[in-house]
Every structure is written in structure tokens, then in C-alpha cells.
Amino acid sequence: MSLSHVWPKTATIAPNGHLLIAGHDVTELAAQYDTPLYIFDELTIRTMCQAYMHACRACGATDAVVHYAGKALLNTAIAQVVHSEGLALDVVSGGELALALHAGVDPHHIHMHGNAKTPRELDEALTAGIGAIVVDNLDELHLLIAKTAGRAMPFAIQIRVTPDIATDTHVHIQTGHYASKFGFPIEQIPQVGALLQHAPGLRLTAIHAHLGSQIFDAHTHVAAIDVLLEQVVALRNTYHLPIEAVNIGGGLAVAYLDHQQPPDITASVAAMWYQLQQGCVRHGLPRLRLELEPGRSIVARAGVAVYRVIGSKPVRDLPRWVHVDGGMADNIRPVLYGAKYTAVLANRADAVADEVVNVAGRYCESGDFLLKDVALARPVVGDLVALAVSGAYTLSMASNYNMVPRPTALLVNHETIRVMRRRESYADLWRMDA
Ligand SMILES: Cc1ncc(COP(=O)(O)O)c(C=O)c1O
């Protein structure tokens, strides 16, 4: 039996009704590795990486650079997989940088982002010799100018601007609007230009914007390219800063629900590239490189979270609460932005989903839930609830709330089952206590 497009590419249902990922029985994996369990399908991750690389080549953006935004999910194996597919890597902290270096990612292929990078993190990025620091505000720029004064070779930076473009996404994940905490407002660009003109230790290579996440309409990106190009013209003509690239960030949506259709990556990238090329011609600019930073769309669909049903509670006139052994500490998205998911029972994936239930997390917060008003096949104690599209912004935001060890993450393909991250032990919970 086949499953919808929200499940990993290799997901199927076996004749006995069990959910399979890359041929592995999820019920058996749950028994062997315990629950909650995150299972990542390697083929889906690689396919998504290749989709971006192919999209760039197909439209003629042959020198485009695709950075995987590590904040969506980062560990050694993931860094290695995306790097092996030819993607560069974006980090947002010294910790992510250290992990990327540990995983063997070439520092030249790393960019560092963040609205509040600490002086220490900037030093770490400078020392590692990363590809570029994406500067977010004037204080950071002043600090970097001071830190790089007297360098023999100028250090590459990009500047992040807020193009003030509205997006069709949740307010918590909009970042390109004027009031966002991220990036330079357009009116500060002349100040940036004037400062960089007299900053021999820095080399401005690109202008950057990231508009937000889970954006279905790539026209938003296309519109932002025009705004960015106007700033490139000003920075080149007035301040003689030889910008080489426009970095349009990440943000393309994924389908979490069966009725959703994610934007086509080939068409979206082509539309961005076309706008960039046309804009360069219109403004009399040389050909500029396109840079992209997808995170969610690389890893979200690959991940399936598997929880064990522990109990339930009837509620008069409302759906029954079904209690599972994970929740907001491994996936805070439902609580944080009301995120909705598709789910099946992994051990009875072929059964008719004829009961509408609410799936409660195990954490001691009234607001902790994973699913609301979702149809499942009358879950009972011991059943396994599998949540599709759980790969992005789940484990990377996980915590030890209530002193619950964070779950195992597996990376599977048809040949192998690899533990990417082992389940924390109780001893891990006090390993840092002093
Ligand atoms: C600067 C930047 N680039 C890229 C991304 C990745 O976005 P997404 O995961 O929606 O593709 C983010 C996410 O917030 C970001 O802040």
C-alpha cells in the first residue's frame, strides 16, 4: 500500500499493516530502539539536496551556491550527508560551527548567521576561516571592523537586510518584515556602505535576506530580489563595494498535510534566477551569483517521529485525549506555532482512521499536545503513533524539560540502520551538574 506525499519517499505499508521506511519495519525499530524514536530516510534527504542542485543547473544558475540551514536539524551524520551532496552549510552559533568542523565540513563552505552572535563566536568564525559571516546589525559591523583591522586578507561578509516584504506564513516565522529583529533596515544601508568603504579588513561579497519559513509562494522571494538589487546598485555605485552575489535565504514550504502542495523547487529557483538575471541587466550590473539557504525543505519530509500510546482520557463532548511518551520537549512546533501534522498508527497503518482524537504530550504543561482533532484508528495502549514530516525544527529545538532524555535519531536506507544520535541516558541528564 502506498502513502501520500507527506511521508518519506521510501515509506510504504507492509501486507501486515506495518509502516515501513526504506524497507525497515517501524514497529520493529520502535521495539529495538524504544520510543520516542525519530527515523530519518536518507534517500529523502539526498533527493531534496539533489532537487536544489538540479534546479540551479537546470535554469542556468550554474555558479549558484546552496547552503543547508543547519538550524533545521544538525548532527554529525546530517552535516556529512548534505556536504557529500555538494551543499554548503549555514550555522547560527559557535556550537553549530564546532559541530560542522567536527563533521569535516570545509570551513570555506560555512556561513555564520545570527542577530546576536557573541564576540567569542565571531572570533571562532574568524579563526576557522569560514566562507562568510552574515552581518546582522551595526554593532556587529563595528565590532567586526575592529577585529579585522590590519588583516592581510580581507574577511568575506554578507549583510542581511530586511526588505520589508509580507509573507504568507505564521508571524513567529516571518523574518523579512520591517519590524523583524533580524537584519539591517533598508534605511541603514548607506551607513553600512560608508563604514565598509573604510574597512579594509572586510570584503562585502553578498547582500542577503531571509523572508521567513514555510512560505508557499516563491513570488515573495522573487519580489525580494528586486529590493535587494536596488541596494546592490547603491552599494556598488556610491560606495564602490563589488558585491558578487544575492543570497535570498531559505523558506520554501513543505507539505505537512495531505491537501498541501509544496512549491516546486525547480520552478521556484528558476523564477528567482530569472528575476536576478533580468534585474542585473536592467540595472547594468554584472552577472551576480544566486545563493539559497533551504533548511526545512531538505530534512522535514525525511523525518518520522514514533511515539508509544501510554493511556487515554475521555472528555465529554470532545475528542478523547490519547497520551503518548513524547511531546513538546522533542517537538515544540504544535505548541509554539499551532503546527499541524499527518499521523498514522505505525503498527496498524492500514486500519480505518475513524476516531477523531487529540494526542497529548507527556510533559507537565497543560498546553503540551502533538495533534488536535486528528483521525486515527482508535488508538489503544501500546499502539505506535507515527508523525510524518517531523524532520525539521523538532530535534534541533529539543530540550530536557521534566528531565526526560532526548530520543534516539536513526538514519536509514535500504542497506543500513545508523544511529545518528543515541538516546540520552539518565546519567546524561546530570553530566553537566557541578
Ligand atoms: C537566515 C536563514 N536562512 C535560512 C533559514 C532556513 O529556512 P527554512 O528552514 O524555512 O528553509 C533560516 C530559518 O529560519 C534562516 O534564518
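This is a predicted model: local features need pLDDT of at least 70, side-chain atom pairs count only at pLDDT 80 or more; totals for chains, interfaces and linings use all residues.

**The domain interface**

User: How many salt bridges does the rule find across the interface of domain 1 and domain 2?

Analyst: Residues are numbered from 1 along each chain as its sequence is written, and side-chain values use heavy atoms, with hydrogens and water left out. The rule asks for a side-chain nitrogen of Lys or Arg within 4 Å of a carboxyl oxygen of Asp or Glu. Across the interface of domain 1 and domain 2, the number found is zero.

User: How many residue pairs are in polar contact across that interface?

Analyst: A polar contact is a pair of N or O atoms within 3.5 Å; within protein, one must be able to donate a hydrogen and the other to accept it, and residues adjacent in sequence count only if both atoms are side-chain atoms. With both residues at pLDDT 80 or more, the pairs between domain 1 and domain 2 number five.

User: Which element gives the most to the side of domain 1 that touches domain 2?

Analyst: Elements are DSSP runs numbered from the N terminus: helices (H or I, at least four residues) and strands (E, at least two). Strand S21 (417–421) and helix H11 (333–337) are the ones giving two or more residues to this side. The top contributor, with three residues, is H11.
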